[in-house]
Amino acid sequence: MDPKLTEVSQIFDRFKAAFRRNDFDNCSDLLSQLKVLLTGFRSLPPLFENTPNAVHELTITRDIYEHAVVLSVKTEDQDAFERDFFQLKPYYTDASNRISPSPQEYPILGLNLLRLLVQNRIAEFHTELELLSSAALENPCIKHAVELEQSFMERGLQSRLKCSTDSAT
């Protein structure tokens, strides 16, 4: 195995161990190291070079960014969530024909949709929905965010109707 890939794997193992211990400061330090090391993988976006370890490099990088997103949720760092999510997203879209799907994809996509709702970024919420496949829209993690948004919209409409009828009387 490539020494750089071995080093990334070892540091990622240390990251996951620190994560299980809720040692988020150590996780952040290790994540910074990992992100620097990942810049040396030419198989990653946007290059997507067909290297001998491309599949392994793409998969471990996706896993690292998935953990980074979850870490940002645990540390309540919305800026880090957005930054890490945007680094992760190409692994769900552009690399999807190169690596197997992740079991974390729909929960993370659902978290992003919820984040957009909480931040009242409704146009971006709908843009993200339009990019999802019909199969993704059927996933409970995605459906929950959609149903929540529909509930907000219905309540907002009901509230506006009540205000207009109250002011008319």
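Analyst: Asn 120 is found in the loop between α5 and α6. This is a predicted model, in which local features need pLDDT of at least 70 and side-chain atom pairs count only at pLDDT 80 or more, while totals for chains, interfaces and linings use all residues. Residues are numbered from 1 along each chain as its sequence is written, and side-chain values use heavy atoms, with hydrogens and water left out. The helices are DSSP runs of H or I with at least four residues, numbered from the N terminus.

The backbone at Asn 120 deserves attention. Most residues other than glycine have a negative phi, and most peptide bonds are trans. Asn 120 is not a glycine, yet its phi is positive, about 55°. With a relative accessibility of 61%, Asn 120 counts as exposed (exposed means over 50% relative accessible area, buried under 20%, and partly exposed in between, with a 1.4 Å probe and protein chains only).

Two packed helices are described by the angle between their axes and the distance between the axes. Here an axis is a line fitted to C-alpha atoms over the stretch in contact, and angles run from 0 to 180 degrees between N-to-C directions. The axes of α5 (residues 105-118) and α6 (residues 122-130) cross at roughly 160° and come within 8 Å. α5 is therefore roughly antiparallel to α6 (angles over 145 degrees count as roughly antiparallel, under 35 as roughly parallel, 65 to 115 as roughly perpendicular and the rest as oblique). The crossing of α5 and α6 is left-handed, that is, the near helix is turned anticlockwise from the far one by less than a right angle, clockwise being right-handed.

On the α5 side, the contact involves Asn 112, Leu 113, Leu 116 and Leu 117, and on the α6 side Ile 122, Glu 124, Phe 125, Glu 128 and Leu 129 (contact means heavy atoms within 4.5 Å). These residues divide into six nonpolar, one polar and two charged (Ala, Val, Leu, Ile, Met, Phe, Trp, Tyr, Cys and Pro count as nonpolar, Asp, Glu, Lys and Arg as charged, and the others, Gly among them, as polar).

Helix α5 also holds Arg 115. Arg 115 is buried, at 9% relative accessible area. Apart from neighbours within four places in sequence, Arg 115 is in contact with Phe 81, Glu 82 and Arg 121.

Phe 48 lies in the loop between α2 and α3 and has a positive phi of about 50°, although it is not a glycine. Phe 48 is buried, with a relative accessible area of 17%. Pro 46 is also placed in the loop between α2 and α3, and a cis peptide bond with omega of about 5° joins Pro 45 to Pro 46.

α1 passes α2 in a left-handed crossing. Residues making this contact include Val 8, Phe 12 and Phe 15 of α1, and Leu 30, Leu 34 and Leu 37 of α2. The residues of the contact of α1 with α2 comprise 13 nonpolar, two polar and three charged. Following α1 is Asn 22, with a positive phi near 60°.

Key
Helices (H or I, at least four residues) and strands (E, at least two) are DSSP runs, numbered from the N terminus.
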